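Please read this briefing alongside the sequence and the coordinates.

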Amino acid sequence: MIKVNHLMKNFGDLQVLKDINLEIGKGQVVVIIGPSGSGKTTLLRCLNLLEVPTKGSVQIGDLNLDFSGPVSKKQMPQLRKRTGMVFQSYNLFPHMTAIQNVMEGPVTVKGEDKQKAYQKAKQLLTKVGLADKLDFYPFQLSGGQQQRVGIARAMAMDPDVLLFDEPTSALDPELVGEVLKVMKELAVEGMTMVVVTHEMNFAREVADEVIFMDQGVIVERNTPDELFTNPQHDRTRQFLNMLK
Amino acid sequence: MFLSDRQFEIVQSSFLPLLKGALVFSLSLTAITFVIGLVLAVITALARLSNVPLLSGIARAYVSIIRGTPLLVQLFIIFFGLPSIGITLDPYPSAIIGFSLNVGAYASEIVRAAILSIPKGQWEAGYSIGMSYPQALRRIILPQAARVSVPPLANSFISLVKDTSLAAVILVPEMFRKAQQIAATTYEPLLVYVEAALIYWAICLVLSFIQDWLENRLDRYVAR
Ligand SMILES: Nc1ncnc2c1ncn2[C@@H]1O[C@H](COP(=O)(O)OP(=O)(O)OP(=O)(O)O)[C@@H](O)[C@H]1O
Ligand SMILES: [Mg+2]
């Protein structure tokens, strides 16, 4: 489903990602952990091309883009359409209601019929537990509710992969659970997901694989059980100890 | 009252011509040039924000020239200057061109600042659901930028109403030119100019009410 080969990203002289190689199968849930500044966000953003990689290739489904050479402007939106992104700060459109937020992609980007898009958006919002909040503006919703709208908005485009960048770290502790619950349901339904998070319980329960990143490289990757109980590298061990 | 009968009569008889000058010329000039100016402003702001050096260069030069020269001089160049290279325009079209160019330059700075004030995450959220640059601009950024720019643009609009009095110098028969003519024939400049001033003031008062109403309306999706 996702294949990343020799991916590199520099910001000026700063090498943020150094030779990342990654393969994620359909329906897999991969959790990325690592210290601040290790490049987790940058890796996610390279997967949906909010950052253009400096070198290497990104493949999603059967579309492969190689950034070692020039990449056609047409293909970048193609790749982007296959991914959905859930942001740490939600980034809902403040001038639109919850349901308008969710309908926006299908209507504007895919040109879907409004009536049809409305029905689908309603279903999605019902699924994330917001059936009674369709016509609320973002400022009228709690953080947890906003983030669930964010998930529904990403789902509305029928992406092949959902990317989550610390989806719960801006939330009050009592609101974290409702968002994680929605994410768990998606995982159970077979959604392919890449999740950057500090929620170790979520990783333990839901992830097929946990990746530990540090200083722009993947230090180790393993099943959650193995990685948490039996880390192979000192850096991983140190990081896990720090969390305890 | 402290007006003599004759003065009272002058006020009475000049009121309608002045009001007509205001409605037919001052306000129409304001409305038309504001709309054209806004379109120019959005185009200019986008050109300045683009990463095509030629486009942003042209936009920058345009804004710099208009902001760096007096409106009065610009109007003179268009109306009295251009005929010497064979372009002769009537007063009203000259004023439309001059004021539109002026509004375009000043408002482009407002629009540009408003666009820049929208958080980067909004663009990214648009891109993340597959939008192109024009789609994100039209659906996500400009509606929010519009809200931000309403207060400063409303101020520009109200200034513009008053600035249209400058069109008198290129012979547009708007309110102030009417006032000059009446003052000259009646020898009551103080009276007539104060009367014109009061009419400007009344118009601006009405406009500020409209401004308040608009701002309240646009605030509805923001927590207060
Ligand atoms: N647009 C940018 N320009 C320059 N440097 C950047 C940019 N974005 C990220 N960086 C740098 O890249 C490095 C990795 O950042 P990144 O946001 O990917 O880390 P992260 O693992 O997500 O950290 P955190 O856990 O704090 O979110 C950091 O040193 C950061 O300062
Ligand atoms: Mg991050």
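The points below are grouped by topic, after a note on conventions.

This is a predicted model, in which local features need pLDDT of at least 70 and side-chain atom pairs count only at pLDDT 80 or more, while totals for chains, interfaces and linings use all residues. Residues are numbered from 1 along each chain as its sequence is written, chains are lettered from A and ligands numbered from 1 in the order in which they are written, and side-chain values use heavy atoms, with hydrogens and water left out.

- An N or O atom in the side chain of A:Ser36 is 2.6 Å from an oxygen atom of ligand 1, and a polar side-chain atom of A:Thr42 lies 2.5 Å from an oxygen atom of the ligand.
- For A:Glu166, the distance from a polar side-chain atom to an oxygen atom of ligand 1 is 3.4 Å.
- On its own, ligand 1 has 630 Å² of accessible area (Shrake-Rupley method, 1.4 Å probe), and the protein covers 59% of that area.

**Aromatic pairs**

- Over all chains the count comes to eight aromatic pairs, that is, rings of Phe, Tyr and Trp (its six-membered ring) whose centres lie within 6.5 Å, with planes under 30 degrees apart counted as stacked, over 60 as edge-to-face and the rest as tilted.
- B:Phe25 and B:Tyr92 form an edge-to-face pair, at 5.6 Å centre to centre and 80° between the planes.
- That pair links helix 1 (residues 5-49) and helix 4 (residues 91-117) of chain B, its two residues being 67 residues apart.
- B:Phe34 and B:Phe157 are also edge-to-face, with 4.8 Å between centres and 90° between planes.
- Because B:Phe34 lies in helix 1 of chain B and B:Phe157 in helix 6 (residues 133-163) of chain B, this pair ties together parts 123 residues apart in sequence.
- Both B:Phe34 and B:Phe157 are buried, where buried means under 20% relative accessible area, exposed over 50% and partly exposed in between (1.4 Å probe, protein chains only).
- Ring pairs also link B:Phe76, B:Phe79 and B:Phe80 into a cluster.

**Cysteines**

- A:Cys46 counts as buried at 0% relative accessibility, and B:Cys204 counts as buried at 11%.

Conventions:
Polar contact = N/O pair within 3.5 Å; in protein donor to acceptor, adjacent residues only side chain to side chain. Helix = DSSP H or I, 4+ residues; strand = E, 2+ residues; numbered from the N terminus.
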